[in-house]
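Please keep the structure on your screens while I talk.

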Amino acid sequence: MFLPVFIGMMRKLYTIIPLTIVVCSCTLFYPACRHDDSILTIMTWNVENLFDDINNGTEYHDFIPGEENWTAEDFHGKMASLSEAIRQIKKGGPDILLLQEIENENVLNIFADTYLKGMSYNHRIFSKEEYQAAGTAVLSRIPMDAVYTHISDKT
């Protein structure tokens with residue numbers, strides 16, 4: 001049992017390490033990458049189960065609103081924490097924000113309109129398969145002409 005888990009963790013590290021090296025190299029060796037507004041900034045973040053405070057039947061057990069594990073205060077507190085971190089990335093936030101594990105479009109709109117207000121994320125995309133509890137989202141300042149969603153069952 002330990003060996004398959006260890007191998008899975010190593011695969012994730014092999015994915016994360018090269019990305020970290022590229023990001024650190026850009027920051028260390030190319031000062032223009034740090035605070036130059038002419039640089040396109042893209043951020044991706046798995047926000048880990050961002051469910052709203054409305055019970056619509058698609059929630060994981062720990063995120064059913066009104067029960068002891070998930071309240072409106074929890075939902076709004078998580079949104080506030082996430083938005084604070086995003087605002088610290090660069091002045092005005094990243095140009096394109098890719099989010100994973102968003103419950104629905106309502107969550108995305110509350111997040112953009114309330115917690116990321118004034119950051120000009122006027123272009124929004126949300127995608128989720130019917131059987132899934134959470135989906136993915138894009139918030140962007142840059143208009144998008146076309147969107148294609150590809151689902152893979154490979155892990």
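I will begin with how the model is treated, then turn to the chain and to one packing contact.

This is a predicted model, in which local features need pLDDT of at least 70 and side-chain atom pairs count only at pLDDT 80 or more, while totals for chains, interfaces and linings use all residues. Residues are numbered from 1 along each chain as its sequence is written, and side-chain values use heavy atoms, with hydrogens and water left out.

The chain has four helices and four strands, where helices (H or I, at least four residues) and strands (E, at least two) are DSSP runs numbered from the N terminus. From the N terminus on, their order is α-α-β-α-β-α-β-β. Of the 155 residues, 28% are buried, meaning under 20% relative accessible area with a 1.4 Å probe, protein chains only.

Now to the helix pair: the axes of α3 (residues 72–87) and α4 (residues 105–115) come within 11 Å and cross at roughly 60°, the axes being lines fitted to C-alpha atoms over the stretch in contact, with angles from 0 to 180 degrees between N-to-C directions. That makes α3 oblique to α4, oblique being whatever is left after under 35 degrees (roughly parallel), over 145 (roughly antiparallel) and 65 to 115 (roughly perpendicular).

Which residues of α3 meet α4? In contact, that is, with heavy atoms within 4.5 Å, are Phe-75, His-76, Met-79, Ala-80, Leu-82, Ser-83, Ile-86 and Arg-87 in α3, and Val-107, Ile-110, Phe-111 and Tyr-115 in α4.

Note on methods. Buried means under 20% relative accessible area, exposed over 50%, partly exposed in between (1.4 Å probe, protein chains only).
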